[in-house]
Amino acid sequence: MDWHGAVVVITGGAGFLGSALARALVGQGARVTVIDAFLPETGANAANLEGLDVRVVRADLRHDPLEDALAGADAIVHLAAQTSHMGSQADPRGDLAQNADATLRLILAARASAPDARVIHASTRQLYGRPRALPVAEDHPVDPPDANAVSKWAAEQYWLLEHKVHGRPVVSLRLTNCYGPGLRVKDHRQTFLGLWVRRVLEGEPFEVWGGDQTRDLAYADDVAEAFLAAAGAPPGVYNLGGSPPVSLRDLAEALVAANGGGRYVVKEFPPERARIDIGSYVADDSRFRAATGWAPKIPLDEGLHRTLDWFRPRLDRYL
Ligand SMILES: NC(=O)c1ccc[n+]([C@@H]2O[C@H](COP(=O)([O-])OP(=O)(O)OC[C@H]3O[C@@H](n4cnc5c(N)ncnc54)[C@H](O)[C@@H]3O)[C@@H](O)[C@H]2O)c1
């Protein structure tokens, strides 16, 4: 898709991945509207959008009118969500409202005022639960391990219905763990890696739970490129992976090396987390790569360097 002059609405655009996407789209000459409620328990941060020429609409998908913000959109990228797994277990109804019901409100508003917009939806590998084998392709059974995976699956399926029933082009990207500038680092609500980044920058030890689990981390700019590429893919569901798999222990070593120093302690998984942990994950994203030509460009070591360099001068604004 030629993004120059395209009108693109990003829900959750003040968050970690949404703001990376906003940067990429502005760079391509798109006219970007961000819809975001700036919810404090998420990765929302005004600093994420600083200096970017985007229209910001402060609205909550759960209850504010959305039609005006969506009017005339060529594409809608839906990232707004509740992403905390433990948070979803503590408040499953809140999680359902924020992920499923809010998505339905967005869908109905889009029917009214952006009937021709293509949609790219941010889904998650969490839907698969504990993988039965690695790597995980799209035909792996969906087996949600927590309430968040249930609500995120519902959101994805509502969008896919829009394609099946109403013919709207919809691509859903089931993302692996992502990292990079703009990550929520004040705690481990968004991801364990955020808190690791904070601790290592503060010169404090961070905790590695377990250590042998593998992850295929995706750098934010690569994920933003994937969202752009997704607009040209045939409608449907695609996995999105990242770097070659790395154990959490090796990831901890890589982070310390990228920082030029740091300490960590390996601990048993806290029991309440162990109950919803998915073990090791690696995506088979060959379908997406074949459909779009996308491939990650930023190796893990470089991504960690860039992330630390980006946070170092502005850490206080993220605490
Ligand atoms: N970050 C990852 O590693 C990862 C992995 C898999 C899937 N995802 C998916 O990618 C998307 C973006 O994740 P992120 O890490 O950037 O999260 P984030 O918390 O940084 O950003 C989410 C943004 O959505 C906004 N938001 C949430 N609910 C809203 C509502 N009801 N109305 C308006 N705005 C609302 C928040 O204010 C925040 O700015 C999510 O859908 C998430 O499930 C992320």
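**View 1. Helix 4 and helix 5 lie roughly parallel to each other.** Everything shown here comes from a predicted model, in which local features need pLDDT of at least 70, side-chain atom pairs count only at pLDDT 80 or more, and totals for chains, interfaces and linings use all residues. Numbering starts from 1 along each chain as its sequence is written. Helix 4 covers residues 92-113, and its axis packs against that of helix 5 at about 10°, with the two axes 8 Å apart. The label "roughly parallel" goes to angles under 35 degrees, "roughly antiparallel" to those over 145, "roughly perpendicular" to 65 to 115, and "oblique" to the rest. Axes here are lines fitted to C-alpha atoms, for helices over the stretch in contact, with angles running from 0 to 180 degrees between N-to-C directions. Helices (H or I, at least four residues) and strands (E, at least two) are DSSP runs numbered from the N terminus.

**View 2. Here are the residues where helix 4 meets helix 5.** From helix 4 come P92, D95, L96, N99, A100, T103, L104 and I107. Facing them in helix 5 are A147, N148, S151, K152, A154, A155, Y158, W159 and E162. Contact means that C-beta atoms, placed from the backbone, lie within 7 Å. Sorted by class, this contact splits into ten nonpolar, four polar and three charged residues. For the sorting, Ala, Val, Leu, Ile, Met, Phe, Trp, Tyr, Cys and Pro are nonpolar, Asp, Glu, Lys and Arg are charged, and the others, Gly among them, are polar.

**View 3. N148 sits in helix 5, which spans residues 147-166.** N148 counts as buried because 27 other C-beta atoms lie within 10 Å. The scheme calls a residue buried at 20 or more such atoms within 10 Å, exposed at 12 or fewer, and partly exposed in between, with C-beta atoms placed from the backbone. Skip the residues up to four places away in sequence, and N148 touches Q82, H85, S88, D95 and Q126. Take D95: 53 residues separate N148 from D95 in sequence, yet their C-alpha atoms are 6.5 Å apart in space.

**View 4. H121 belongs to strand 5.** H121 is also buried, with 27 other C-beta atoms within 10 Å. Leaving out neighbours within four places in sequence, H121 is in contact with H78, E156, W159, V170 and S172. One of these, W159, is also part of the meeting between helix 4 and helix 5. H121 and T103 are 18 residues apart in sequence, and their C-alpha atoms are 9.9 Å apart.

**View 5. Helix 1 (residues 16-27) packs against helix 7 (residues 220-230) at about 65°.** The axes are 9 Å apart. That angle makes helix 1 roughly perpendicular to helix 7. Helix 1 passes helix 7 in a right-handed crossing. A crossing is right-handed if the near helix is turned clockwise from the far one by less than a right angle, and left-handed if anticlockwise. Helix 1 contributes F16, L17, A20, L21 and A24, while helix 7 brings A220, D221, V223, A224, E225, F227 and L228. Class by class, that is ten nonpolar, no polar and two charged residues.

**View 6. Helix 8 (residues 248-259) and helix 11 (residues 300-311) cross at roughly 55°.** Their axes come within 9 Å. With that angle, helix 8 is oblique to helix 11. The crossing is right-handed. A254, L255, A258 and N259 of helix 8 make the contact with L300, D301, L304, H305 and L308 of helix 11. The tally by class is six nonpolar, two polar and one charged.

View 7. Most residues other than glycine have a negative phi, and most peptide bonds are trans. The bond joining L134 and P135 is cis, with omega at about -5°. P135 is in the loop between strand 5 (118-124) and helix 5. As for F38, its phi is positive, near 50°, in a residue other than glycine. The loop between strand 2 (31-36) and strand 3 (55-58) holds F38. F38 is partly exposed, with 13 other C-beta atoms within 10 Å.

**View 8. Zooming back out, the protein chain has eleven helices and 13 strands.** The C-alpha atoms fill a box of roughly 55 × 45 × 40 Å along the principal axes. Of the 319 residues, 49% are buried. Among contacts with a separation of 6 or more, 77% link residues 24 or more positions apart.

Key. Contact = placed C-beta atoms within 7 Å.
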